[in-house]
Structure formats: C-alpha cells, structure tokens
2 protein chains.
Amino acid sequence: MAIHNILNNTGEWLRGEGPHHQIVVSSRVRLARNLKSFAFPGWAKKHERLQILEAIKPQVEALTEMNDAFSVYSQDLSALEKQVLVERHLISREHAAKGVGSAVVMNRRQTLSIMINEEDHLRMQAIRAGLQLKSVFKMIDKVDSALEERLDYAFHPKLGYLTACPTNVGTGMRASAMVHLPALVMSEQINQVIQAVNKIGLAVRGLYGEGTEALGNLFQVSNQTTLGEKEEDIIARLHKVIEQIIEHEQNARQMLLQKKPNTLLDHIGRGYGILRHAYSMNSKEALNLLSFMKLGIDLGFFPEGCRQPIDELFMETQPAHLQKGTQQKLAADERDSLRAEIIRAKLNEFPRPDVGLPPTSSAPDGNGSQN
Amino acid sequence: MAIHNILNNTGEWLRGEGPHHQIVVSSRVRLARNLKSFAFPGWAKKHERLQILEAIKPQVEALTEMNDAFSVYSQDLSALEKQVLVERHLISREHAAKGVGSAVVMNRRQTLSIMINEEDHLRMQAIRAGLQLKSVFKMIDKVDSALEERLDYAFHPKLGYLTACPTNVGTGMRASAMVHLPALVMSEQINQVIQAVNKIGLAVRGLYGEGTEALGNLFQVSNQTTLGEKEEDIIARLHKVIEQIIEHEQNARQMLLQKKPNTLLDHIGRGYGILRHAYSMNSKEALNLLSFMKLGIDLGFFPEGCRQPIDELFMETQPAHLQKGTQQKLAADERDSLRAEIIRAKLNEFPRPDVGLPPTSSAPDGNGSQN
C-alpha cells in the first residue's frame, strides 16, 4: 500500500463512530516490547539497530492483521508525511524524529500501528473511535501474542516485560482515551476532575500527550503505572473512570443548559460565526472553536449531519494535514488563510444554523429570540 | 410634541445621508450664549435660574424653526429619557445631570436642540448627517440671530460673547464632525493623523466628547479656539481638514485592500460572524464590530441595503436606547443578551454575506476561496 493511500484516507477511528463517541473521541492501547540480547534503541549502534529492524520488520509484515499493510522505513518518509502520521496519533513525536534504523507498519484501516525502534524495539498500538478500551486491548493483545511466538522478547519472570524507560516495565502498556470535555472546562470544574483522576493514579494530558496543551477541550486520560496490576484490571479501571468522566461532562452540560443557556449559546454561536466567516485562523483557535461546534452538535443545536464534517476539520486543520495537499511548504500566514478557507468552505455546506438553534425564549434566562 | 415621538423616531442625522456620509457620520455646530445681568448657571441661585429659564424658554419656543417642537423641563425627563438624548448627542452629559431650572427644546427633525441653563444660559446646536458644516452653521446662526433680537446677550465689544468657561469666550462656537476611521486605526496611522490635527489647533476626541474612548473607530474632530478667528473661517478650516482626513482614510482603505486584503476580510468577516451569531454582547464590542460591518458596506462586501440597518444599530445598541423599549431597568447581563438578540434579528434579514464578499482568489495575497 502506498503512502498516499494512508494520507488521503482518514482512518476508521477518525470517523467518529463508536460507543459514547460524543464525548470519547478515541480509545488507544499501546504495548512496549524489546528483543532479548539486543541493546535498547537509544544505546544500540546503527548497525545493531539495523539488525533489530531486519529481525522484527518481516515478522510484523507477516501478521494476518497486516495483510495489505503500509510498511515504510523512517528515512523514506518526508518530514511532512511523518507530521501527518503524528497528527493522526499513528506514530509518536519521538518516532517522527528517527531516520535510518527505524520503520513503521500500519494496517489499511489505520487502527493498528507498529513502530520499530522508537524508544523501545517495538511500540505497537491499536486505536478505535469511541469508548472501546476492551476491544482495543484485545486487538493489540492478539498481535502481541502472535509476535511473541516469533520473536524473543526481553521478559523477566518477576518484573515482566523489560523496557528502555523504567516507567514502562511490567505490562509495557499504556491505555488511554481521548475525551472532549467542553462543559467541564466552561463551568470551571475541569481542574477538580483532573485532580481526582490523578489521585487514583491515572494521568490527564493534552491533545498530543505529556506536556502538551489541552487544545479544543480535548484531554487524554491514561494509566500511570505498568507494574503490579494485570492488563485487564488496568483496562477495567480506566474504563470505569472514563464512564464517570462522561457522566460529569453530561451533568455539566445539563447544568449549563439549565442555568446558563445564554452563555452556552453565546460560545457556540460565536464559534460558528467566526469559523464560518473568518479569513485567517491559527490551528489553536480552530481547535477551540471547533470544540464549541462539536458541543453544539451534541446538544442538538446543529443537525447530526454536521458531525462528520466537524470531526474531520479537527484533523484537517492541523498544520501537516493542511499542507499535505499543497505543493510547497506554506508560511504561517498562508497556512492561517488556507485553514480559514477550508473551514469556511466546509461550513458553507451546512444549513443556516438558526434552523437548529432553539430560540432563547425557551431558555430560563433568555429574553425571547426574534430569530 | 410628546417625548415618545422623539424617542421612537431616529432623527434626520441618524439616517446616514449627506455628503461623504460613508466616512463623516455627522456635522455639528453649537453656540454658547448668556444673558446680560444674570449670573452664569453655575453661580445663579435656584430662583435666579428659574427667572433665566422663564425669560429664555418662550423665546426659543417662538422661533419659526421650533414650530411643533419638543420642549421639556429637565425635571420632567426620566434618567433613561435623558440618557437616550445624550446617546443621540441632542443634550450634553452635563445637561442630563440638571434638574429644576433647566430645560431643552428641540425640533421634530432632531436637527436643532437648544439647552437652557446648561453650563451657559443657552447652548444651541444644529446637527446633520455627513459633511455639512457650512449649512449646519447657517442653520444655527439664523436661530442665534433671531434669539439675539429678543434676548439681551452678554457681549463684550473686544472679547465677543461672554461664557461661563473662558475656553468658549469669543465666538462661543464649537464646530465638530464625527468621522469613522477604521482603516486608519487598522493600519496604525491614526495617531499620526491625530497628532497632525492637534498641531494645527484642532481637537480629536472619542465618541462622547472630551475624555471618552474612540469606540467603534469613531472620532470627533473640532475646533479648540473660540477667540481671534471669525466663525466662517473656523468652519472653512475645519471643513478642509475633514476633507484631508477623508482622503487619508480612503487611501488607507485602498492600501489595505491591495496589500492586506485577507486581514481586512478577516476583520469584516469575523465582525459579521460574531454579530450574527452571538448571544451576549456589551456595547463596546458591539460598536467595534459594527464599525467593521460599516467598513464592509463601504467597500462593497455587503449590499448597500445593509447600510441603514447597520447605522441604526450603532444607536440602538447603546445602553439607554436598548432599554427604552423595555418596562424595567435591565441588569448588565440582561442588556448584553437583549443587545445580541436585537443585532441577530436585524442581521438575519440580510442576504448571506458570501453574496457580497469577493472570493479571495481575486485578492493578491489570497489562496483562492472555495466559497
């Protein structure tokens, strides 16, 4: 499969379907594995990294899940192509920085992605839309078992799987869900939620993982520890917490609808108005305004048909996705006007939003809309 | 004529017609006059102020220009009614603070307004839309001559008309034009222009005169001195300067259109988008966004039919105008949502702006709009 097939087709998880997909954008599980008797990638010399690569890559490609897969050496990807894969969460930022000695293999549906010689010899992930942590874990667990039969993993009977970074030793597993929490942010309850989640040993991070900002009201919730707890238990615990977060977000939405409908409508209305009519927009503003549109769709202010286009814009307005269709690298201001243009064109296809926006007169603090 | 006739009908100058009306909102001339042998209003005791009032009011009402006039004692106006008159520039803020002993008389077209016992015994003004300083001066000069035949003005052969504040002594005249200068503000040339205007002895002030902010890119340009120059010369000089400012603003617009069309479109597009879809808006933001809409109409991005509704919104979204139709005084957040509602309803009647917005592809820095 060629790179353009990957770049030009949004993967399954980007289509925004799956249980609780209004609030849970995606579920992801990644496993870190290493081969016995080879140095970790960070310590291995170039020729050793190439040895590791040649030992692993054919086995990954031979997986039944990787039938008709996209398989590529890192040096054969352009910086822009790598950035597109990072924006889709198919490779990590760390992996995008690798050259000779690294590779990535992913299936056509873009639900499975296996990085070779990232921080560990193997970083394999499964990702799907909505809250599907259990099925996502099953997917990647099956791949892991198949590879374990063919590769000699570094495994310690007491510690479990050995990894380059001690924080991954044990299961080598990081399970996470990307959640969209605009009402918790708007009602200033988000910090409370983050603190509560941290207290029970889970991490809350921004859109692109550790140390990144929570743009577009998107948060990644994941397990912190990999030692002393079985994979199934970690997944079950995370699943439960995500369900609680969903409930908090839904309560916050109901509270805003009842107590501050005008503030809510104002955010959503301004979001739509600016997205629909701006001629220059950076990606940060785009994500934040798209978040309000997404909320507006969830609350029924816009028809359900707007959901997929808006979900797509979350990805299409990211810098690399924006530039993949253009011939040359764009300057920041050119990107900003192209981004605004793409958004305007997409929103232009929507029906006028007044159709969906309920009149404020039905709202407790409203003054009776004349729309 | 009853107060509701005044309150419910926007005056002639608000209808936005007249020479250069795109940039010059209105032209205004006011004269300060005092009666001989009475103390100035600030020094006069209450009984003396009542004497002055009874000496002047019948004479003002007897003017042919004041046929079917609205004439009212200050104590008979509510605070809200006074504020409406202030927002229309028909009475001054100072006069709105007066009670027993003061009055105001204005003609039906709201082009002539005569305040009795403001800072001076008589403050008379004429106001019209567009650049009409000469005709506006003629109007008020005729009224002044007629009153001078019937009232005994305090006049000094060497100094001219005597006034409560020495800065008005001489002609007692303040001539001003309200100009809309969004392009000079956007291109950061406005301070240069203000400094140049100050240097030749003219003042530039905000929307409501001395010490007020330049909201909505609206500026008042007026003469500073009243001594040593004939009225006609002051008017002619001011007229010339306003013509130069118009030219600067037009040049700035052309430069933005040629060099930064996307920035210009972005301001106008966002202005429209927010006005059209917000559910809460304070008066400051409303003025600033309406200013961009007005610019958009001037530049042909919106059809000419949008001009009057937008000009009306400049006034209708002011706090007192907003509340005059409601039964009780509104809290700030209630005003903000009512304001947004009125604006949405008015803009809802507009055709979709894409009709008027030229595709960016025709613009030098554009990327080819898909609209």
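Start by selecting helix α2 of chain B, residues 46–61: its 16 residues reach 22 Å from first C-alpha to last, close to the 22 Å expected at 1.5 Å a residue. (Helices are DSSP runs of H or I with at least four residues, strands are E runs of at least two, and both are numbered from the N terminus; the expected span is 1.5 Å times one less than the number of residues.) Before you go on, know that this is a predicted model, where local features need pLDDT of at least 70 and side-chain atom pairs count only at pLDDT 80 or more, while totals for chains, interfaces and linings use all residues. Residues are numbered from 1 along each chain as its sequence is written, chains are lettered from A in the order in which they are written, and side-chain values use heavy atoms, with hydrogens and water left out.

Stay on α2(B) and colour Glu48(B), Ile52(B), Leu53(B), Ile56(B), Lys57(B) and Val60(B), which are buried. (Buried means under 20% relative accessible area, exposed over 50%, partly exposed in between, with a 1.4 Å probe and protein chains only.) Now show their partners: the buried residues of α2(B) pack against elements of chain B including β2 (70–73), β5 (122–129) and α5 (133–150). Contact here means heavy atoms within 4.5 Å.

Next, hop to α10(B), residues 283–298. Twelve of its 16 residues are buried, among them Leu289(B), Phe292(B) and Ile297(B). Just after the helix, click Gly300(B), which takes a positive phi of about 85 degrees.

Over all chains, the count is 38. Pick Glu61(A) and Lys57(A), whose closest N and O atoms are 3.1 Å apart. They sit four residues apart in helix α2 of chain A, so about one helical turn separates them. Lys57(A) is buried at 8%, and Glu61(A) is partly exposed at 34%.

Now select Arg108(A) and Asp68(A), which meet in a salt bridge at 2.8 Å, N to O. Arg108(A) is in the loop between β3 and β4 and Asp68(A) in the loop between α2 and β2, so the pair ties together parts 40 residues apart in sequence.

For a last stop, show Glu249(A), Arg253(A), Asp298(A), Glu304(A) and Arg307(A) together: salt bridges link them in a network.

Definitions and conventions: Salt bridge = Lys/Arg side-chain N within 4 Å of Asp/Glu carboxyl O.
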